Amino acid sequence: MKKIGLFCVLFALMLIGHSCIEEQDFGQYDDLSVIPKFESSIIYIEATEEVINLAPNTTFYSQEFDFNPFSESVFADRVVDGVITYELENTTSKDLDIKLEFLDESGVILDTEIFSPIYKAPSAVLKREVVYGNTGESLDIIINTSKIRVTANNLSDNSSVSTQPEPLIVLKSSGKFSVRVK
Amino acid sequence: MHNILLILVLGVCNFVLSQNKQILYDFSEIPQSLMVNPGTEADFQWYSGVPMLSGTSFQAGSSGISVNDLFANDGLDINDKFRDRVINGMSPKDDLSGNYQIELINAGYRGKNTDNFYSFGIYNEGDAIGYWFQDYALLGYEGNADKLNKRFDLGDLKTRGEILNVFHFGVSKKIDNKLTLGLRGKLYSGILDFTSTKNKGYFVTNEGQNNVLANTINADMELRSSGFVVFDAVNKKGGSTGDIIKRGFFGGDLGLGLDFGFTYHLNEQTVVTASILDLGFIYHSTDVLNYALKGSATVEGVEIILPDAINNGDTDFWQDLIDEVEELVPFEENNKNYITFRPTKLYGSLRYNFGEKIESKGSLDCNCNVSGGNSYRAKYANSIGGQLYVINRPRGPQAALSAFYLRRLGNVMAIKAAYTIDKYSFTNLGVGLSMQVGPVNLYFMADNLLAYQNVAASNYASFQLGINIISWGKK
């Protein structure tokens, strides 16, 4: 039995004495790449036919407003590429156009997205994807955008009446962007 | 710098542990065994630990990955390893934890009634556990794109930790030849604490009602802490380390706790023991700083609804959106006092003694002849048995099962070897050694010895060591 005890001690000492570590390459950390992709809605615009009728053959809405999420450093410093998707559905009796202008902090226009003409109902939903980064539009447009200007024009008169129950012009948009975390 | 940070993070992740002291438990040659079972049969007249050196223990383990899993020089792409072994390979039940104890003072003496043995002391303890925050990691690694209706569980953030001093006084009482009962009272003096264990909520992306997508956050989260204010002040040179020390000596959070234990001889050679430790709480009332995030909000981007937007021409749509979310899901700080319960531990064992009997070392005549009145308490050269260990953790009890063999070489040396199975390792072999050189008792214990073949691949490590002076009285 004494031999067993001594063996235990020697075994433990041997293990501890011979503890070792296989070769590790911590430099691999530099090769680690973490680029998640996030998506969210961006802007939603909705106007009734009554509003459009207030301005026949001219602009019925124009507004410039701050829009900072793209220029926040947590996004701007890390964005790799992305795409903005627009969907327009017109159930009014008017032909319309909508212009989105992306402006920097000092009001300089960086890019313009024009949807024209948006045909009166019945018309198909208009979809457009704008790619940024890689072979698409410059990412600088996105990361320098601090304001957006929306301009909507009525290309028709103010007398036509839609047959739809709740005639609207609706612009939906969402963005999907890859962001380098590591 | 990045490398250093990574090594630190993975080091912490790699060393997760369970506080199990399965080798020390029921190792009655070592006075510190009274700390894991106050009902241990102590045959000392008195003992005194060497201050600061009488008992040091460190345990760490990881039920998830090891350093080797990621950084082995194996020719595999780190991105594949990270995705397969970290993001997809771990679950919210995997934890990362650590524990240490350093005895500042530990001593014991036999009372006038020799059936009673008293022990007391002070030790410093640190303990922390963090469960793998899987859905947070998944969101950070893959994002929410193309994951419509996937709920990212905010409850995956579950962590707690503390540093405290424990002042204790215990008594081990021999009831009769078969039974020894033990009780230890504890005063906790909390130095540092953080706890975030009851988080609920989710983040989800659905099809929007108006716009293309709707992002919803529903959160009921809280991080409670105490003592960090003092550490922060010391870091910023606005405080002294004395302020931290003061917190450890009743200048901070206070709490109470109890340990219970017993040893019972089923027959002359078979012994059953059990103990429950740290049945107690700490009331955090000093330097408290809590953070809370509670509420629900759904966002579908900036919404311009005409004609309302025409009537409010100067509307700052983006800022309004931010303000609305902050109002619906406010991030708040408060200083409300709170209570934490200590991680309660439960031990149990069944031991069978055999072989030659060991002569009693001191004046406490055990009258160890087979026919003698105290023959139940005789020490044998060999013991074999099994032990159970359970600790209460934020995601429920964690258990470990051990089989052990203890060998006594006279009164000079005792060796205990244990095989333990738990969530960290199925190959945990540990050995403990207690040596008696005159009045000086030295002990050393180490766990998971097979892992020393490649320390980087280890998921668990622990050691305990200490020096005591022991007297058995005059024969």
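## Pairing across the two chains

In this predicted model, A:Glu46 stands opposite B:Ile305, a residue of strand 13 of chain B. The two strands concerned, strand 1 of chain A and strand 13 of chain B, pair in the parallel sense over four bridges. Strands are DSSP runs of E of at least two residues, helices are runs of H or I of at least four residues, and both are numbered from the N terminus; two strands pair if DSSP finds at least two bridges between them.

Residues are numbered from 1 along each chain as its sequence is written, while chains are lettered from A and ligands numbered from 1 in the order in which they are written. Because the model is predicted, local features need pLDDT of at least 70 and side-chain atom pairs count only at pLDDT 80 or more, whereas totals for chains, interfaces and linings use all residues.

Within chain A, strand 1 (residues 37-48) runs antiparallel to strand 8 (residues 168-179), and 10 bridges join them. The bridge partner of A:Ala47 in strand 8 of chain A is A:Ile169.

## The contact between chains A and B

Chain A gives 50 residues to the contact and chain B gives 56 residues, where two residues are in contact if their C-beta atoms, placed from the backbone, lie within 7 Å. On the side of chain A that touches chain B, at least two residues each come from helix 1 (2-17), strand 1, strand 2 (59-66), strand 3 (79-90) and strand 8 of chain A. Strand 1 of chain A supplies the largest share, 12 residues.

By type, the side of chain A that touches chain B comprises 26 nonpolar, 12 polar and 12 charged residues. Here Ala, Val, Leu, Ile, Met, Phe, Trp, Tyr, Cys and Pro count as nonpolar, Asp, Glu, Lys and Arg as charged, and the others, Gly among them, as polar.

Chain B has eight helices and 22 strands. Strand 16 (residues 345-358) of chain B is joined by 12 bridges to strand 17 (residues 379-393) of chain B, and the two run antiparallel. In this pair, B:Tyr352 stands opposite B:Ile384 of strand 17 of chain B.

Strand 17 of chain B is also antiparallel to strand 18 (residues 396-409) of chain B, again through 12 bridges. A hairpin of two residues joins strand 17 of chain B to strand 18 of chain B, and B:Tyr389 stands opposite B:Ala400 in strand 18 of chain B.

## A helix pair in chain B

The axes of helix 5 (residues 228-235) and helix 6 (residues 241-251) of chain B come within 8 Å and cross at roughly 160°. That makes helix 5 of chain B roughly antiparallel to helix 6 of chain B (angles under 35 degrees count as roughly parallel, over 145 as roughly antiparallel, 65 to 115 as roughly perpendicular and the rest as oblique). The contact involves B:Val230, B:Phe231 and B:Val234 of helix 5 of chain B, together with B:Thr241, B:Asp243, B:Ile244 and B:Arg247 of helix 6 of chain B. Four of these contact residues are nonpolar, one is polar and two are charged.

Terms used. Axes are lines fitted to C-alpha atoms, for helices over the stretch in contact, and angles run from 0 to 180 degrees between N-to-C directions.
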